[in-house]
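Hi,

Here is the structure I promised to pass on. Have a look at it first, and my notes follow below.

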Amino acid sequence: MSKYSGIDHSAAVELLSAFVRVPSINPAFRAEQDDPSLFGEAAAADVLQSWCTENGIESSLDSVEPGRPNLIAQVKGTTGAKRMLWEGHLDTVQVTGMAEPFGARLEGDRLYGRGAVDDGASIVAFMLALRALKAEPPRADVDFLAAADEEFAYRGVMHHLARGERYDVGVAGEPTSLRVVRACKGTVRWWVEIEGRNAHTGSPEEGINAVTVARKVLDAYDAEMERRTEDHPLLGKPTLTCTAFEAGIGPNTVPGTSRIRFDYRYLPTETGQAVYLHFKSLAEGVRELFPDARIVVGAPFVDSSAMDVPAASEIVQRLGRICAQHGLPEAAVGVPYGSDATKLVNIANIPSVIFGPGSIEQAHTVDEFAEITPIIQAAKMLVDLAHDLDAPH
C-alpha cells in the first residue's frame with residue numbers, strides 16, 4: 001500500500017465540493033438583510049466530521065460559541081514521541097458580488113466557490129493526508145484542528161489553545177503557493193470618531209467641519225508613516241491603510257461628525273498595543289488645532305500579533321527539506337497577511353509555519369477558486385512531514 005493512499009484528484013474534488021457547497025460565512029460579516037442560514041461554521045464542521053467518520057478517523061466537535069464549533073480530528077502515531085498540530089479554518093468571508101458562491105463549479109483543474117482556496121484547499125489537503133496516515137501511521141501523533149472564526153477574532157484557535165494540549169510543532173493552512181512561511185506581519189485595527197458641530201454651509205464658520213478634522217488626523221498619520229524606516233528582511237516596512245471614511249448629512253450642511261477606520265500591519269519587533277497607543281496620541285493631538293472638537297479613538301477591535309520563527313527551527317527546516325524533495329523552493333518566506341499561526345507561536349509557544357496550496361491572490365475574490373493538483377501535492381507533502389517528524393533533524 002502506498003503511503004499516499006487515497007490522495008487523488010477525485011477524492012480532492014469530492015471533499016472540496018462538499019465543503020464549498022455548505023455556507024460558513026463568519027457571523028461578524030452579517031448585515032441586517034442577510035439570510036442567517038449562510039452564517040456560522042456548524043454545518044461545515046458537520047460535513048467534515050461525517051467524512052472523518054466514514055473514513056475511520058477519530059474526530060470530535062468542540063463548541064466555541066453556540067452554533068460555532070471547532071472540529072478536532074486525530075491520528076495516533078506508533079510511538080507518540082512527538083505531536084504535531086495541523087490547523088485550518090472553517091469560516092469564510094462574505095459573498096457580495098459572487099454569482100454562485102456555493103456552486104462548487106469545476107472547470108478543468110479549478111474548483112470555484114467561496115472558501116475554495118481560503119481555506120478549503122488547505123483543509124482538504126490536511127484531511128486527505130490524515131486518511132493516508134490512518135492507513136500507514138507515522139511514529140508521531142497528528143492532530144487536525146478546523147477552527148471557527150479565523151477571519152475575524154480568532155476565537156476558534158484561542159479556544160483550542162486554552163485546552164492546554166502539548167504540541168511540538170504546528171502547521172497553519174493558508175494559500176501560500178506551497179511555500180513555507182515563517183514570518184508574517186501583525187494587524188491592529190481601530191476607529192477614530194470625531195464630533196464637530198453642524199452648521200449651514202452659508203455660514204460654515206459657525207460649525208466645526210468633522211471632515212476637515214479627519215483630514216488633519218490623516219495628515220498626522222501619513223507624516224508618521226513617512227518617518228518610519230524600520231525594514232524587516234522578509235516583511236519589508238509596516239503599512240497603515242485608511243479602510244473607511246464616514247461623514248456627511250446633506251449637501252448644504254457642514255458635517256458635524258465623521259468616522260475613520262484604520263488597518264496597521266506591524267512587524268515582529270512591534271506590538272499592536274504599542275502601535276495603537278502611539279497613533280491614538282497622534283489623533284488626539286489634532287485637538288490642538290480644533291479645541292472645541294471631540295476626538296475619540298476607539299480601542300482596537302482586532303489585534304493579531306506578528307511572528308518571526310527562526311530559519312533554523314525544526315519545523316522550518318523539515319518542511320523546507322520536503323519542499324526541495326518535491327521540486328519546490330526550499331527557502332522560507334514572509335507574508336504581509338496574518339493567520340492563526342501567530343497564536344500557535346506567540347501564545348502557546350508552538351514553533352509553527354504557514355503552508356498550503358493555492359494563491360493568496362484568489363482569497364476573498366468574487367471568482368475565488370482552488371486548483372486541485374496543488375491540493376494533492378500538499379497532502380503528499382504533509383504525509384512526508386508526518387513520517388519525517390521523528391527522524392534525526
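Predicted model: local features only at pLDDT ≥ 70, side-chain atom pairs only at ≥ 80, totals over all residues.

Let's start with helix 3 (residues 116-135) and helix 9 (residues 372-388), whose axes come within 8 Å and cross at roughly 50°. Axes here are lines fitted to C-alpha atoms, for helices over the stretch in contact, with angles running from 0 to 180 degrees between N-to-C directions. Helices are DSSP runs of H or I with at least four residues, strands are runs of E with at least two, and both are numbered from the N terminus. Helix 3 and helix 9 are therefore oblique to each other; angles under 35 degrees count as roughly parallel, over 145 as roughly antiparallel, 65 to 115 as roughly perpendicular and the rest as oblique. The crossing of helix 3 with helix 9 is right-handed, a label used if the near helix is turned clockwise from the far one by less than a right angle, with anticlockwise giving left-handed.

On the helix 3 side, the contact is made by Ala121, Val124, Ala125, Phe126, Leu128, Ala129, Ala132 and Leu133. Helix 9 brings Ile375, Ala378, Ala379, Leu382, Val383, Ala386 and His387. Contact means heavy atoms within 4.5 Å. By class, that makes 14 nonpolar, 1 polar and no charged residues between helix 3 and helix 9. For the classes, Ala, Val, Leu, Ile, Met, Phe, Trp, Tyr, Cys and Pro count as nonpolar, Asp, Glu, Lys and Arg as charged, and the others, Gly among them, as polar.

Residues are numbered from 1 along each chain as its sequence is written, and side-chain values use heavy atoms, with hydrogens and water left out.

A cis peptide bond joins aspartate 118 and aspartate 119, with omega about 20°, and aspartate 119 is found in helix 3.

Helix 9 itself has 17 residues and reaches 25 Å from first C-alpha to last, close to the 24 Å expected at 1.5 Å a residue; the expected span is 1.5 Å times one less than the number of residues. Helix 9 is mostly covered, with 13 of its 17 residues buried. Buried means under 20% relative accessible area, exposed over 50% and partly exposed in between (1.4 Å probe, protein chains only).

The buried residues of helix 7 are Glu314, Ile315, Val316, Arg318, Leu319, Gly320, Ile322 and Cys323. They pack against strand 7 (169-172), strand 8 (181-184), strand 18 (352-354) and helix 9. Just after helix 7, glycine 327 takes a positive phi of about 80°.

The other helix pair is helix 1 (residues 9-20) with helix 2 (residues 42-54): their axes come within 9 Å and cross at roughly 155°. That makes helix 1 roughly antiparallel to helix 2. This crossing is right-handed. Leu15, Ala18 and Phe19 of helix 1 meet Ala44, Val47, Leu48 and Trp51 of helix 2, and the contact divides into 7 nonpolar, no polar and no charged residues.

Now for a few single residues:

- Alanine 104 has a positive phi of about 50° although it is not a glycine. Alanine 104 sits in the loop between strand 3 (83-89) and strand 4 (105-107) and, at 7% relative accessibility, counts as buried.
- Tyrosine 154 has a positive phi near 65°, again in a residue other than glycine. Tyrosine 154 lies in the loop between strand 6 (141-147) and helix 4, and is buried at 12% relative accessibility.
- Histidine 160 lies in helix 4 (residues 155-161) and is buried, with a relative accessible area of 1%. Leaving aside neighbours within four places in sequence, histidine 160 is in contact with Asn70, Ile72, Leu85, Leu145, Glu165 and Tyr167.
- Glycine 356, in the loop between strand 18 and strand 19 (369-371), is buried at 1%. Glycine 356 and valine 181 are 175 residues apart in sequence and 9.5 Å apart in space, C-alpha to C-alpha.

Cheers
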